[in-house]
Amino acid sequence: MDPAKKRKIRLVVALSAAVLLASALVYTSFSASTEAREPSDLIASGSGDTYDLTGKVVPGTVQRSDESLRFDIADRDGSDALPVTYTGTVPDPFRDGREVIVTGKLTDGVFVAEHDSLITKCPSKFQEEAEKDPEHVIIEE
Amino acid sequence: MIALGSATLAAALLVALFAGGAAVYGALSRDRRWVDASRRAVYALAALLTTAVVLLESAFLRDDFSFEVVAEHSSTTTPTFYKLTAMWSSQEGSLLLWGWVLSLAASAVLYLTRRRHRELAPWATGVLMVVGSFFIGLMIFAAPPFQELRPAPAEGAGLTPLLRNPYMVIHPPMLYSGYVLLSIPFAFMIAALITRRVDASWIRVTRRFALAAWLFLGLGLLLGSRWSYEELGWGGYWGWDPVENAALMPWLVTTAFIHSVMVQERRGMLKVWNVSLIAMAFLLALLGTFLVRSGILQSIHAFGASTVGGPLLVLIAILAVGSAALIVSRLADLRPERRIESALSREAIFLVNNLLLVGLAAVIFWGTFFPLIAEFFTGTRSSLGGPWFDRYVTPIGVALVLFTGIGPLLAWGRLSAEAAKGLLLWPSMAAGAAAVVLAFSTDAADSPWALFLFAFAAFTLVALAQEFWRAGIARRALTGEALPAAMAGAIARNRRRYGGYIVHAGIAILLVGIAASSSFQTNRDLRLDVGESAQVGDYEVTYERLAADPQSERVAFIATLDVRRDGEQFALLAPARNYYPTQNPMAGPIGRYFEGEATSEIGLRSGASEDFWAAFQPDLSVLDDDIARGNRQLADLPPDAQGIAILALAERYAQNPPPATFRVIVNPLVMWLWIGALVSLAGALLALWPSAEARRRARAAYAARVGREVRARA
């Protein structure tokens, strides 16, 4: 076989392999991903699939009982809260009013979170929050 | 001072624009005076930005809260150490850091090339100054670090407790320096394409800068993952967080680049690939800065909406389109001088390792940006978790370990099957032996990928040891030295090669640490009363007691965990949780001490075979009633009296605490991750260090050139 033809075959093989791998990547990512929802979306749809629930911890709702943690998550604009039960690590910045993401399913009106799935946003953000949110105003002493 | 800072930045912008313009004009008109002027302007730019950094840092040190940045990120109670680092916890300060490091790196490369590469340097100056002007422009128009706050508050907001960590001092500047240093090879690549001087000279000029960028990015990643390992809820040393990924991608592409440029230097191949790689690496670095600063993806590093995201994206788009167009227009100049002769050659292996590294970066890129991609196609945001990344990254990582061992064995060009057999014999036997021993004597076979990785790591380490051995034997035959001295001599004569091999050995060790700790980790949540014990793997854990440590800036609760193995004490750990007061008036005078930020200090006992890691989360809800009463009754008392009340409250809690939650992790071989990383960094330093030989050669070449020029003038 002449070298030019050989190179062409090699190129075609390499390209097809790349296309195959890329399709596998695309396919698995769409099937393995979890969609993000806010409490109002979940309340409206009532769907029992697995979602990333995002929103703010409603102040005064955090309760600890034995192994698990219960709190309400509200939409970022403060409306429509949903109760959440969670077990596992609670990140340090977790507090009332903080933005969190938690993965789980809605069962009987309660969002049951997967173990260790709670993520709390990093505190570098709080500066902006303080500016927007009058509850977090920094007092000049 | 603020006016002076703003004026410095304005002057810096003018100087940067002049430097870029003069360099390009000088290159076009072939007038060296303009080029010399542009180089001196870059030095001036470095001086101006250094002044700006000094002004801002001194404002932090002096607690000058008339600077908005200082008021928002520091306070009089912030320890001095953290006042210095508060600069880069702000967006404005990080931009200044970016620009400053860029000006220093540009000055360094232009100083080194002041008498060489006269065709490339001016165009590279032009590119660097476009990037530099952009960042200085951001500091003037979008995120000014010298913004006055009027009236100046008496106290600042302080640095967030979570960032009050020694890693904060060094982790961000290392990453930023890595990002910025990538601009140097990028700029010289563009210059090479513009001037059609696409031989390996642009690579040689910037090789050290690319290596230094790789080293700094690697150090930044290492420090970041160590920090994350010591924090609770950050997902251990790696969590596939978008911002972590953003730093890993340019590092992977730079790793590929460092390898493939050797193929171009030696064999004149892969030219298009190399220019594309460095363009990708630099664009990914800018994208990393963009991701950190824009808050576009959900991340634990969420820095919130910022004003610089849009302009940064525009810069990235312009540079991406510009580089792609330039590369396409120069395709004819970039034709390879040779073809790959054999699959058993170093260039073939380098090509495979490049494909693996770039493939890895592509997978991570897709996974990181998937939320945006999914939103574009389906209208809803979806995210991919760690298991999805692991599915792709694990096999690629396992293959890469094998190639870190095979690459150094093979010669350029082609290797006879006979020679290959001889070289592969010992490493293959080591791999086989490791696989058999581990499969039968440990439960490593539970995780086939991990078992593969251990076997391949054994292959690689033996292959590299064999290379050092062969070098020593060859030199001994030549010089008659004793073997250790011969080996050291061989290494000293070719630091670039053997430094590289040490990096490879380090990476193999590091991946062993990652594979073992991620596959065989024991992870438990314990809820214990004081005096109660629990069994975790081979360890018996007892919650001995609780102590309170109230101080002015925080109240800490420290648990004592007694960890025993086979009845003998293994460690006495003291995981703690610190509560920092909040300024929020809603929390009340007593409540504000308990409802602010909280941070965990983990208890850690590291060992060569495994780490025992423990974090502590006390349950303060029993204090709620007391705090509420305190808020009502003690509101009018002076702060001193409130302080006494808080002390009493903390002491009482510590004497009779309710059950607390502990997160306990037994992490096998994780120490080898850090050891491997340090070995790699040492290897990189060895490769970077200029050898006496190289210095002598450089001096001789310079003397010869001066001689020629003097003769030419005379």
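Reader: What should I know about the numbering and the model?

Author: Residues are numbered from 1 along each chain as its sequence is written, and chains are lettered from A in the order in which they are written. In this predicted model, local features need pLDDT of at least 70 and side-chain atom pairs count only at pLDDT 80 or more, while totals for chains, interfaces and linings use all residues.

Reader: How many helices and strands does chain B have?

Author: Helices (H or I, at least four residues) and strands (E, at least two) are DSSP runs, numbered from the N terminus. Chain B has 22 helices and eleven strands.

Reader: How many of the residues in chain B are buried?

Author: A residue is buried if 20 or more other C-beta atoms, placed from the backbone, lie within 10 Å of its own. Of the 714 residues in chain B, 50% are buried.

Reader: Which domains make up chain B?

Author: Domain bounds come from an automatic or database domain assignment. Chain B has domain 1 (1-164), domain 2 (166-336 + 347-384), domain 3 (407-514 + 673-714) and domain 4 (530-658).

Reader: How many residues do domain 1 and domain 2 of chain B give to their contact?

Author: Two residues are in contact if their C-beta atoms, placed from the backbone, lie within 7 Å. Domain 1 of chain B gives 25 residues and domain 2 of chain B gives 29. On the domain 1 side, α5 (91-112) and α6 (120-141) of chain B are the elements that give two or more residues.

Conventions: A residue is buried if 20 or more other C-beta atoms lie within 10 Å of its own, exposed if 12 or fewer, and partly exposed in between; C-beta atoms are placed from the backbone.
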